[in-house]
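Please brief me on the charged pairs and the contact surfaces in this structure. Keep it short and grouped by topic.

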Amino acid sequence: MSEKKTKRRDFLFTATYAVGAVGLGATVWPMIDQMNPDASVKALASTEVDISSVNPGNTITVLWRGKPVFIRRRTLEEIAEAKSVKLENLKHPEKDEDRAKNPEWLVMLGVCTHLGCVPLDQKGDYNGWFCPCHGSHYDISGRIRKGPAPTNMEIPKYEFVDANTIKIG
Amino acid sequence: MKNLIRISLLIVFIVGSQLNSNAAEKAEYLKTDWSFKGPFGKFDRAALQRGYQVYTEVCSSCHSMKYLSYRNLVQSGGPEFSEAQAKAIAASFEVKDGPNADGEMFMRPGRLSDKFVMPYENEKAAQAANGGAYPPDMTVLVKARGGGVDYIYSLLQGYEDPPAGITLDDGVYYNKYMYGNKIKMSNQLSDGLVEYSDGTNATVEQMAKDVTTFLMWTAEPHLETRHRMGFKAIVYLIILTVLVYFSMKKIWSRIETEV
Amino acid sequence: MSEHEYTPKSKVGKWFNDRLPLLTLANHLTDYPTPKNLNYWWTFGGILTFCLITQIVTGLVLAMHYIAHADLAFGSVEHIMRDVNYGWLIRYIHANGASMFFLAVYIHIFRSLFYGSYKSPREIIWIIGIIIYLLMMAAAFLGYVLPWGQMSFWGATVITNLFSAIPLVGEGIVTWLWGGYSVDNPTLTRFFTLHYLIPFLILGLVVLHIWALHVPGNNNPIGIDIQKPSKDTVPFHPYIVIKDGFALLMFMIVFAFFVFYTPNILGHADNYIEANPLVTPAHIVPEWYLLPFYAILRSVPDKLLGVIAMLSAILILAALPWLDTSKIRSAVFRPLYKQFYWILVADVLILGYVGAMPAEGLYLLIARVATAYYFLHFLVILPVLGFKERTIPVPLSITEPILAGSTNLATAKNKDSIINQ
């Protein structure tokens, strides 16, 4: 067999394999993508919450995208405490001003950043939240202070529609 | 090669007999050009938007559209209303939501994520309001009728005075395309019934065509993607088949006998 | 299984293989000696494997989104078609895949009938195949119920009512199947469970089917045993793999055409109407692949006898290795059998056609004649033919037909003339 012929055959086989592999990949993708959030799930983006009945020092919990959102109306002392913490004492340094648009209202995803449990209100060493699963302590700004959780509790996208209504998402 | 011809004949036979079984007892339907037919078929956006208008102003007082959401009006391959338009459309409907903190249901303006509002609370209410006949849900209606779009298009224009010898009960109408010719829906379309915002002349034929196009989309919202993807898939398969064919010839040439 | 012992080259491979001989198995599968004269009708085994895997994969995906509840099933299918990413594609592949599966299995079965692949020593392969076919029909029927459309509901009602034909216990069995007094939610949930189970049973049986095949090896168009493996056979890989692959791609083009351009043509429009226990559709028609048996059922005017006739029409195939008394396998060398074979093919197609038509007048008459002929073929013609038929002399080997100058030489050498005679 001449060298030229060998080359052509190699090219033919390589091309066949390559084209076949592309097709296989294109076929596998829909099977993977079908597990991503579907169009109806993506559409449920926002929820509106009436906060007129929440008194200072109380927290309400609402469901958003299948997860609890804590909405806490903080007292003046709590706000002062949250603002007084020095950033260098924090595991995940964030200013309270960056976490609460309106210092009176803390809107936060009530999910422990360790492994996803829901922390308990007004528990723990820092007068904030305490996760019973693996003992993470959060302060009154929802920042991690002690325990295995790596970051502060997440702040969702939200806005004040009017004085009594918060739109989450 | 002859094998292939035989296999394809077999397929043609199967499909043919299937069509035959579906084709039992139907009048010759009215014909029109559907832009979505054929392997490259696409929906006519303007027709979809007009069709939506006809559905909302005429059909939706009796026929539900329960699998469609307002957000679908925005999605590509559909009527492609702008998001602002669709939001306005959704907000023009009252949607029941709740329960609120007091445990009560309340009404609020519709959002994109809401399903189309139903004209009746339930099937029984729909029957009670329509002389015992349930106006079928329209979402997949064209796929649920043997004649598909041609049938719906013809039916909408098929009202006639009954031929001599046929008497109709109260609330029953004669339609030459309906199965059994008796239909409980009265003739809904008349020239100029809706005023199209794009200035198209709203003849019965035009409205029938527009609303049928809209119903085709509600039944097959991914039709355009399907056609596009199908073309790519088949071209790809043909290329790979040719490559595999030559590879096969190469490999089999290693042994003496031709196979 | 293979004639020479296989030893892996690497130390690790040897260590592993001594404990679990997977490499020996892989080696057997790649080197498996296959008759070199197999034609394209033999590629449908591979195509069927592809169909089974496609159905299982797409089915698993659909089960992630489908809700087996009488109130929600129809809506969940529409949810798959509208909202789930690529849901419409996956569902259309699964729905049309069932039809493609049956198309392939019918070709596979009729190939076997033509070339006598069911005969000694391959009876067990054949019987396992018949069981797989029965399970396929069960899976297809159960799957058709799941979208909970009008045809689903009424098809389920009609088919489960077949059991009421059984004397004494029939009614009890039907109630037991339904889990109530009609087809309803309990029926749907159990049908879903069984529909999920059966493909895996089929998969297990396919392994046995192939195992049983690899004991005697493939039959071939000439229908004679392998004389010299070195001359008459080729290794499965790459020769048969690439050929099967080529045929599979041709098959996939047809498959893709259905999925992308006429995805609903093989289904029935009424199944896009949600199930309604108060209204029966004007024509209840099963899917096309069950039509011949449906025609047999309807052609018998007695309920119990009709059901027996329909079941016998399938089970009679299992007795085929003993009903066919001819020692010659391939129809190529049985001119009379070949005629009757094609009459049988036509008969089954006619049964399928009248099965789709209303059971009245001329259609009913044709269905009765065709049903009678179907049984006549297996119970009378085949046994008698084996004794009476004058066959053409069979060549001595696949590669070396020694009957030089006879018509046989041409047939053995030119495979195209064999299948197209």
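**Salt bridges and interfaces**

B:R50 has a relative accessible area of 11%, so this arginine counts as buried. The model is predicted. Over all chains, the structure holds 26 salt bridges. Side chains of opposite charge can pair when their charged atoms come close.

**The B:R50 pair**

- B:R50 forms a salt bridge with B:D198, and their closest N and O atoms are 2.9 Å apart.
- B:R50 sits in helix α2 (residues 45-57) of chain B, while B:D198 lies in the loop between β4 (182-183) and α6 (204-219), so the pair ties together parts that are 148 residues apart in sequence.

**A pair between chains B and C**

- B:R71 forms a salt bridge with C:D83, with the closest N and O atoms 3.3 Å apart.
- This pair crosses between chains.
- On one side, B:R71 is in the loop between α2 and α3 (83-91) of chain B.
- On the other, C:D83 is in the loop between α4 (73-82) and α5 (87-115) of chain C.
- Buried or exposed, what is B:R71? B:R71 is buried, at a relative accessible area of 13%.
- C:D83 is buried too, at 8% relative accessibility.

**A network in chain C**

- Salt bridges link C:K119, C:D324, C:R334 and C:E389 in a network.

**Domains of chain B**

- Chain B is divided into domain 1 (21-32 + 41-68 + 115-220) and domain 2 (222-251).
- The centres of domain 1 and domain 2 of chain B, taken over C-alpha atoms, are 39 Å apart.
- Six residues of domain 1 of chain B are in contact with five residues of domain 2 of chain B.
- Together the two domains of chain B bury about 520 Å² between them.
- Carbon and sulfur atoms carry 44% of that area.
- Which three residues supply more than any other three of the area that domain 1 of chain B buries against domain 2? They are B:G41, B:F43 and B:E220, which supply 71%.

- Two salt bridges are found across the interface of domain 1 and domain 2 of chain B.
- B:E220 forms a salt bridge with B:R226, the closest N and O atoms being 2.6 Å apart.
- B:E220 counts as buried, at 5% relative accessibility.
- B:R226 is likewise buried, at 4% relative accessibility.
- Six residue pairs are in polar contact between domain 1 and domain 2 of chain B (both at pLDDT 80 or more).
- On domain 1 of chain B, the side that touches domain 2 has two nonpolar residues, one polar and three charged.

**The contact of chains A and B**

- Chain B brings 12 residues to the contact and chain A brings 17 residues.
- About 1200 Å² is buried between chain B and chain A.
- Carbon and sulfur atoms give 68% of this area.
- How many salt bridges are counted between chain B and chain A? The count is zero.
- Three residue pairs are in polar contact between chain B and chain A (both at pLDDT 80 or more).
- The side of chain B that touches chain A divides into six nonpolar residues, two polar and four charged.

Notes. Residues are numbered from 1 along each chain as its sequence is written. Chains are lettered from A and ligands numbered from 1 in the order in which they are written. This is a predicted model: local features need pLDDT of at least 70, side-chain atom pairs count only at pLDDT 80 or more; totals for chains, interfaces and linings use all residues. Side-chain values use heavy atoms; hydrogens and water are left out. Domain bounds come from an automatic or database domain assignment. Contact means heavy atoms within 4.5 Å. Buried area is the accessible area (1.4 Å probe) that two parts lose on being put together, summed over both. A salt bridge is a side-chain nitrogen of Lys or Arg within 4 Å of a carboxyl oxygen of Asp or Glu. A polar contact is a pair of N or O atoms within 3.5 Å; within protein, one must be able to donate a hydrogen and the other to accept it, and residues adjacent in sequence count only if both atoms are side-chain atoms. Ala, Val, Leu, Ile, Met, Phe, Trp, Tyr, Cys and Pro count as nonpolar, Asp, Glu, Lys and Arg as charged, and the others, Gly among them, as polar. Helices (H or I, at least four residues) and strands (E, at least two) are DSSP runs, numbered from the N terminus. Buried means under 20% relative accessible area, exposed over 50%, partly exposed in between (1.4 Å probe, protein chains only).
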